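Look at the sequence and the model below. The briefing that follows covers a pair of helices and then a sheet.

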Amino acid sequence: MPLIRLLRSRVFQLSLLSSAAFGIAAFAVVAYLYYSSVQAVSRQIEATIDAEIKGLSEQYRQFGSIGLIEAVRRRARQRVRPGALYLVANSEFRPLVGNIEAWPKERPDERGWVNFRFRSDSSPAPGTVALGEARGRVFRLLGGLFLLVGYDLREQQRVTARTRQTLILAGVIAVFFAIASGALLGWLILRRIDSINRTSREIMAGDLSRRVSETGRGDEFDRLAQSLNAMLTQNEKLFLGMREVAENIAHDLRSPLGRIRQRLERQLSGLLTDTQKQALTVEALEETDRLLSTFNAILSIAQAESGAPKRSFEPVDLLTLLNDIAEMYEPLVEDAGVNLVVTLPDEPVIVHGNRDLLFQACANLLDNAIKYGTGSDNIAKATVIELSLDRLGNEARFAVRDGGAGLQGEALSRATERFYRSDSSRTTSGSGLGLSLVDAVIRLHDGVFTLANSDPGLRATIQLPLDKCAFPAETEIRSDLPATS
């Protein structure tokens, strides 16, 4: 089974393919070198034969046929040049002198060159006759004599045979190492992939804490493992967040639904007066409104995170929007016994966005400051809530600062999570969705929402990019224009 997986592995197949391509290229290079070396040896042999012919021709010109025959006899006997072949034959091609037993039967070409088989008494073993192939050149002399000067090709054939064997052996070794390297590479990669698959199966089985192992070498697999682990961490965080959200929804909705049910049961008991029934109905409606407010907040967050409201974006003046919010919350601020200090610029601050969502986000911040930032058990009752708006470069900055106890540690870092409330007992009013909605709306508008302690109190800051179309670049004034009166 592992062998079948290895053979089906794409890595193994690609490794074999690359090895085959390399093998073909190497074979082509070696074949070219082999062909070049054979051609070089052939040219060297022909040059040797031409040198022998030149020497014998000098003897023939000086001493005639007798001198040529004597020179051939001497060279054949002394073996001055190993591998050289000589033969002088009469008009009937019968050997007269030389180290070849018979005149070759092969016909020479138009230049007199001929490849032939021969029998020679020049074998290295005494009393034996050598058989082999040779290449030579044939000349017809005066007096009906024929001269053959050749060279024994057996050494060249042995070199050629060894070279051919070496090429075959190298090819076999190359194929073996190609298969072996492909198998090793496929096994190494499959082992890493199997590790990722095992981790994936364990995560799907419910162990969300499992992560893909890293070797520490910083290679491609380590970078892949880091990316996967980052994704798994984010998924685990989202999953745990959804589970916590589900638990918080169940906890937050169970109590008001239970109270509504109790009030309805009391109305059906028939023991209450009309006034009491009316009071219970009003209380049930208030509980229902709080439930609807929670669901509306969840829907608003989902809508903001989906990006759908971007289709209705338009220029929004934050100055006008914040004035409307301050005017709407003025009665609540007076009832809370605090002063609302509003610091706004003189000029409009235009951003590109959805006015209703921005209004809701900014109102949530002010509502939280009134609800949670006007007093605590640890500090004296706060008397001021600051609301400010200004332009910072190409951004608009809106901030709300209260004088309450603020948030510390985990509560500060998790304040924008859905249904998260610093009051773990969840005895105070609220659903824990206000800041989550603010964060979702600001991210929809490509802005930044931050929370920070201001000693005392909490400072919530929104930064949004200004609408570029609402602030065209100023026209440059040329200094060479004449002044006007």
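**Helices and sheet in a predicted model**

Helix α6 (residues 318-336) and helix α7 (residues 355-372) have axes that come within 10 Å and cross at roughly 30°. Therefore α6 is roughly parallel to α7, a label for angles under 35 degrees. The model is predicted, so local features need pLDDT of at least 70 and side-chain atom pairs pLDDT 80 or more, while totals for chains, interfaces and linings use all residues. Residues are numbered from 1 along each chain as its sequence is written, and side-chain values use heavy atoms, leaving out hydrogens and water.

Terms
- Helices (H or I, at least four residues) and strands (E, at least two) are DSSP runs numbered from the N terminus.
- Axes are lines fitted to C-alpha atoms, for helices over the stretch in contact, and angles run from 0 to 180 degrees between N-to-C directions.

The helix pair
- Residues of α6, including L318, L321 and Y329, meet residues of α7, among them R355, F359 and I370; contact means heavy atoms within 4.5 Å.
- By class, this contact of α6 with α7 has 15 nonpolar, no polar and three charged residues (nonpolar: Ala, Val, Leu, Ile, Met, Phe, Trp, Tyr, Cys and Pro; charged: Asp, Glu, Lys and Arg; polar: the others, Gly among them).

The sheet
- Five strands form an open sheet in the order β7-β9-β10-β12-β11, with mixed pairing; two strands pair if DSSP finds at least two bridges between them.
- The edge strands, β7 (339-343) and β11 (448-453), each pair on one side only.
- Strands β9 (residues 384-392) and β10 (residues 395-401) pair in the antiparallel sense over seven bridges.
- Helix α9 (residues 434-444) lies across β11 and β12 (458-465), at about 140° to β11.

Methods: Angles under 35 degrees count as roughly parallel, over 145 as roughly antiparallel, 65 to 115 as roughly perpendicular and the rest as oblique.
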